[in-house]
Amino acid sequence: TGPAPGIWTVTRAKTQGVTPGFFITDSRGDKFIIKFDPPRYAEMATGADVVSSLLYWGAGYNVPDNAVVFFYPESLALGENATYVDVAGKKRPMSQDYLTGILGKLPRRADGALRGVASRTLSGQPLGPFEYRGRRKDDPEDLIPHQNRRELRGLWAMAAWTNHADARGPNSLDMW
């Protein structure tokens, strides 16, 4: 459904992956990660993200709440404790200049708005990535080796259909 209208507070930068982004808290207090398209390919990644999430959801998989969003840079406020991780892996305070630098690399619509995909952060305690082989050692109820699970056999068919060539553990997340 996407973030509520109003001011979005940027809490930290997204430093993994090939496209820029950041985490926000919307005017209702809900948390999202905002991701963008590669600068030369407007609407490519954001559109594919939302459509494929709906396809996987329709097939019965648990997926995040993803929505295409349009916003103006003026609707962003830098959080008091906002951070980013530099190239050396050190956490640093995020400045307005750093945020402006991220936004400056992104394509804009004719009216100056930016397009992104808002992915609602998941509630609960993160357990780490889902592994496609073996079992979770920290979950006594995980009895069936993952490579033998029928939902994974269906997942491979879905991944082939949607050309999801990067379906692997580090691109997944188990929550408790």
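**View 1. Thr-83 of β5 is the bridge partner of Arg-12 in this predicted model.** Strands β1 (residues 8-14) and β5 (residues 76-85) run parallel and are joined by four bridges. Strands of a sheet in general pair through backbone hydrogen bonds, in either a parallel or an antiparallel manner.

**View 2. Seven strands form an open sheet with mixed pairing.** The strand order is β4-β7-β3-β2-β1-β5-β6. From one strand to the next, the twist averages 30°.

**View 3. Helix α1 comprises 15 residues.** The distance from the first C-alpha of α1 to the last is 21 Å, close to the 21 Å expected at 1.5 Å a residue. Just after α1, Gly-60 adopts a positive phi of about 100°.

**View 4. The buried residues of helix α1 pack against both strands and a helix.** Buried positions in α1 are Thr-46, Gly-47, Asp-49, Val-50, Ser-53 and Tyr-56. An α-helix has 3.6 residues a turn, so residues three or four places apart point the same way. The packing partners of the buried α1 residues are β3 (31-35), β4, β7 (114-120) and α3 (150-161).

**View 5. Met-44 lies in helix α1 (residues 44-58).** The relative accessible area of Met-44 is 47%, and the residue is therefore classed as partly exposed. When residues up to four places away in sequence are not counted, Met-44 touches Asp-37 and Pro-38.

Key:
Residues numbered from 1 in each chain as written. Predicted model: local features only at pLDDT ≥ 70, side-chain atom pairs only at ≥ 80, totals over all residues. Heavy atoms only, no water. Pairing = 2+ DSSP bridges. Helix = DSSP H or I, 4+ residues; strand = E, 2+ residues; numbered from the N terminus. Axes fitted to C-alpha atoms, helices over the stretch in contact; angles between N-to-C directions. Buried < 20%, exposed > 50% of the residue type's maximum accessible area, 1.4 Å probe, protein only. Contact = heavy atoms within 4.5 Å. Expected span 1.5 Å × (residues − 1).
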